[in-house]
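Student: Could you help me learn how to read a protein structure, one feature at a time?
Tutor: Gladly; let's look together.

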Amino acid sequence: MRYMLLVLVGSLLMVSAQEVDFDRWYPYGQASQYAQSHGRILMVYFWSHACPYCDQMNTFVLSDEAVSKTLRQRFVVASVDSQSPEGRALSTQMRALGTPSFVFFVPQGGTWKEAGRLFGSRTRAQFLSELRQICAKVGGEGCG
């Protein structure tokens with residue numbers, strides 16, 4: 001019994017000590033927890049499998065190294081399939097009524113404050129500029 005307790009405590013300590021990989025995209029709950037605990041901007045990306053504009057964003061914009069670098073420096077990304085049960089509920093709650101949609105939040109006093117939103121496909125340069133504007137709006141040092 002004592003051994004099992006030690007293993008459980010050790011496992012919990014290892015999980016809590018792990019660094020967050022800001023290159024990864026997380027489910028909403030996990031992303032919001034990481035953004036809150038690390039004082040980062042939460043970007044909630046609503047997409048759908050049947051959305052050609054989402055494919056454009058994924059292929060030509062979100063995979064770009066400069067965009068990835070900016071996201072890695074100051075954001076935590078929540079990837080939300082807007083057709084899933086959780087995604088439908090979150091889409092309604094956050095008023096993200098189409099795809100692709102990006103809703104940005106900053107932690108403020110234990111809750112979330114909306115910092116911006118974007119709808120539709122855009123060029124890499126435009127998206128990068130908008131990310132930097134959101135960063136600057138919330139006092140985002142390191143959004144280069």
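Student: Which elements do the buried residues of α4 pack against?
Tutor: The buried residues of α4 pack against β2, α3, β3 and α6. Here contact means heavy atoms within 4.5 Å, and buried means under 20% relative accessible area, exposed over 50%, and partly exposed in between (1.4 Å probe, protein chains only). Helices (H or I, at least four residues) and strands (E, at least two) are DSSP runs, numbered from the N terminus. One caution: this is a predicted model, where local features need pLDDT of at least 70, side-chain atom pairs count only at pLDDT 80 or more, and totals for chains, interfaces and linings use all residues. Residues are numbered from 1 along each chain as its sequence is written, and side-chain values use heavy atoms, with hydrogens and water left out.

Student: Which residues in α4 are buried, and where do they sit around the axis?
Tutor: Start with the general idea. An α-helix has 3.6 residues a turn, so residues three or four places apart point the same way. In α4, the buried residues are Val-67, Ser-68, Thr-70, Leu-71 and Arg-74. They span an arc of only 165° around the axis, so they are on the same side of α4; the arc is that of the directions from the helix axis to the C-beta atoms. Look also at the start of α4, where a side-chain oxygen of Asp-64 comes to within 2.9 Å of the backbone nitrogen of Ala-66.

Student: Which residues touch the most other members of the largest nonpolar core?
Tutor: A nonpolar core is a set of buried Ala, Val, Leu, Ile, Met, Phe, Trp, Tyr and Cys residues joined through side-chain atoms within 4.5 Å. The largest one has 23 residues, and Met-43, Phe-102, Phe-104 and Phe-127 touch the most other members. Elements giving two or more residues to this core include β2 (41-47), α3 (52-62) and α4 (65-74). The most comes from α6, with five residues. Take Phe-127 as an example: leaving out residues up to four places away in sequence, Phe-127 touches Met-43, Met-57, Val-61, Leu-62, Val-67, Phe-102, Leu-118 and Arg-122. There is also a second, separate core of 17 residues, and among them are Ala-35, Val-44, Leu-90 and Met-94.

Student: In what order do the strands form the sheet?
Tutor: Strands of a sheet pair through backbone hydrogen bonds, either parallel or antiparallel. For counting, two strands pair if DSSP finds at least two bridges between them. Here five strands form an open sheet in the order β1-β3-β2-β4-β5, with mixed pairing. The edge strands, each pairing on one side only, are β1 (25-26) and β5. Two bridges link β1 to β3 in parallel, and Tyr-26 stands opposite Ala-78 in β3.

Student: How many bridges join β4 to β5?
Tutor: Eight bridges join these two antiparallel strands, with Phe-102 opposite Leu-118 in β5. The two strands form a hairpin with two residues between them, and Gly-109 in the turn has a positive phi of about 60°. β4 also pairs with β2, in the antiparallel sense over five bridges, and there Phe-102 is the bridge partner of Tyr-45. Six of the eight residues of β4 are buried, so this strand is largely enclosed by the rest of the structure.

Student: Is Ala-115 buried or exposed?
Tutor: Ala-115 has 3% relative accessibility, so it counts as buried. This residue lies in strand β5 (residues 111-119). Setting aside neighbours within four places in sequence, Ala-115 contacts Phe-104, Phe-105, Val-106, Ile-134, Lys-137 and Val-138.

Student: How many salt bridges does a search of the whole structure find?
Tutor: Side chains of opposite charge can pair when their charged atoms come close. A salt bridge is a side-chain nitrogen of Lys or Arg within 4 Å of a carboxyl oxygen of Asp or Glu, and the search finds five. In one of them, Glu-114 pairs with Arg-95, their closest N and O atoms being 3.8 Å apart. Glu-114 lies in strand β5 and Arg-95 in the loop between α5 (85-93) and β4 (101-108), so the pair ties together parts 19 residues apart in sequence. Another joins Arg-117 to Glu-114 at 2.8 Å, N to O. Arg-117 is partly exposed, with a relative accessible area of 33%. Salt bridges that share partners join Arg-95, Glu-114 and Arg-117 into one network.

Technical notes. Polar contact = N/O pair within 3.5 Å; in protein donor to acceptor, adjacent residues only side chain to side chain.
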